[in-house]
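Please open the structure in your viewer and keep the selection panel at hand.

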Amino acid sequence: MNYNPTQKNRFKESILNKNVFAITCELVPGRGSRSKVQDNLLAFAEKAAVRGQIQALSITENAGGHPALSPGILGKEILRLGIDPLLHLTCKDRNRNQLESCLFAHGREEMYNLLVMGGDYPRYGFKGIAKPVFDLDTVQLIKMVEEMTKGFEVEKDAPGGGARLPSIPFFKGCVVSPFKKLEAELMTQYFKLHKKIAAGADFVITQVGFDARKCDEVLRYIRQNNLNVPILGNVYIPSKTVAAVMHQGLVPGCVVSDKLMSMYKEESRLPDGGKKNQLNRAAKLLAILRGLGFDGIHIGGSQLTYEDIEFVLEKGEKFYPDWQQWVREFSFPLEGGFYYYELDHKTGLNTDVPVNRHQSIPRRSTGYHFNRLVHKTVFDEKGWLYRSTMTICRKISGTSLERLFTQLEYLIKFIGFECRMCGDCTLSETAFLCPQSQCAKYLLNGPCGGSRDGWCEVYPGVKRCIYVQAYERLKSFGEEKSLKENIIPPRNWSLNRKSSWINYFMGKGR
Ligand code: SF4
């Protein structure tokens, strides 16, 4: 586990080196420009740089949807201390142009390690709840970073069009959550992972969860599907308060089961509030992840000192030779939760055999069936109304009738799908569910990590996650795997409030 701290660009090299077990540690900068929290983080970074056990310090971006010091600023100071920053880059607060500008800044500062995520839905901000931006989704943002890494060509009609921008050697990771309860939630997480990697993700970090069988599952899935990217397992050390908040489902994507919560409650009565037990547990999880074959770990937690981390790393080293023995201690499944593979009773982990997902096929909805038929008839080149509709749309385009036609289309699609008139319709790719009106983050390429028991992160108990519904609709036709294919490009805002039918037949929309 030792690492040569004098090696340049330590994080990338360590994670790509099969002989190194990479360690990253998460820092949450907090609100304000010169706060005690930030001073503590820098003191932590200073020790980490000197001791050389950690290869990168990951810095969150407006974590929990709250404003905080920009990770780029703290990252610069951390880089100067001699340790690699791993900057979180999220879609929630900025449009694509601002993201590009931010990436230029990171490139200029030689901060190339990025963890690309959608981000938590924006919450409390200056005088109210902030506007959720989500102009790009994670897959599209990874693709953008990938193109910047290669050096992309400026759009022909933009100023300086046709010029090639010099490449910036970004090294970008993404997140996956195997800790999902429903089949639809889990499978769409894995399907989206295919898209993230196809878009250019260089490594993966798992979400917060405490179930060894799930950790084994995601690793097995990556290997079985030849996804060929290094993966770091999440070792999160929550305080009792944070654990309680996660248990209530108030931290999107982070799972603390009932069984684990009662353990935390019991341990909190100990003189040290259960801290020692938690650190020991983290060390055992580290040993398990290393034993399973993870390429490293990503440590996070509340109120941790550098000495706590050091304790976990050292203990983890001691626990490692007997890692299998700790597996059953990390069995905190969600009641009735879905696992991708059959249980291996001998190890408490998984076999290589996926469970039979075809035992339960959702009922086909008449409305979905009907929409498929209409789409095939009108928009499929072989459909019997394709040619005539195309002729009508092309004739109407640019005439005084276009406005009326657009309103008619809107009326039909508003009644059928709560259309928002984006003019760049993706209904046929998202099982006839409109991401503009039914996904709080407008995601086009699969779910965020925030759904819980099938409910949307933003509207728990009120709205089901659009991708849970899409999976079920598609599965009823045996087509659920289509959710891992075809990366849907970002919405083209020049088409906003125009007819998507005319755009489609004029070759402008999708
Ligand atoms: S609908 Fe699903 S993907 Fe969209 S914000 Fe809600 S949980 Fe996330």
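Which residues in α7 meet which residues in α10? Before selecting them, note that this is a predicted model, in which local features need pLDDT of at least 70 and side-chain atom pairs count only at pLDDT 80 or more, while totals for chains, interfaces and linings use all residues. Residues are numbered from 1 along each chain as its sequence is written.

Select helix α7 (residues 212–224) and helix α10 (residues 275–292); helices are DSSP runs of H or I with at least four residues, numbered from the N terminus. Ala212, Cys215, Asp216 and Leu219 in α7 meet Ile288, Leu289 and Leu292 in α10, where contact requires C-beta atoms, placed from the backbone, to lie within 7 Å. By class, this contact has 6 nonpolar, no polar and 1 charged residues (Ala, Val, Leu, Ile, Met, Phe, Trp, Tyr, Cys and Pro count as nonpolar, Asp, Glu, Lys and Arg as charged, and the others, Gly among them, as polar).

Now view the two helix axes, which are lines fitted to C-alpha atoms over the stretch in contact, with angles running from 0 to 180 degrees between N-to-C directions. The axes of α7 and α10 come within 10 Å and cross at roughly 30°. α7 is therefore roughly parallel to α10, a term for angles under 35 degrees.

Next, select domain 1 (10–353) and domain 2 (366–505), whose bounds come from an automatic or database domain assignment. Their C-alpha centres lie 32 Å apart. The contact between them takes 30 residues from domain 1 and 28 residues from domain 2. Finally, select α6 (183–199), which gives the most to the side of domain 1 that touches domain 2, with 11 residues.

Notes
Two residues are in contact if their C-beta atoms, placed from the backbone, lie within 7 Å. Helices (H or I, at least four residues) and strands (E, at least two) are DSSP runs, numbered from the N terminus. Angles under 35 degrees count as roughly parallel, over 145 as roughly antiparallel, 65 to 115 as roughly perpendicular and the rest as oblique.
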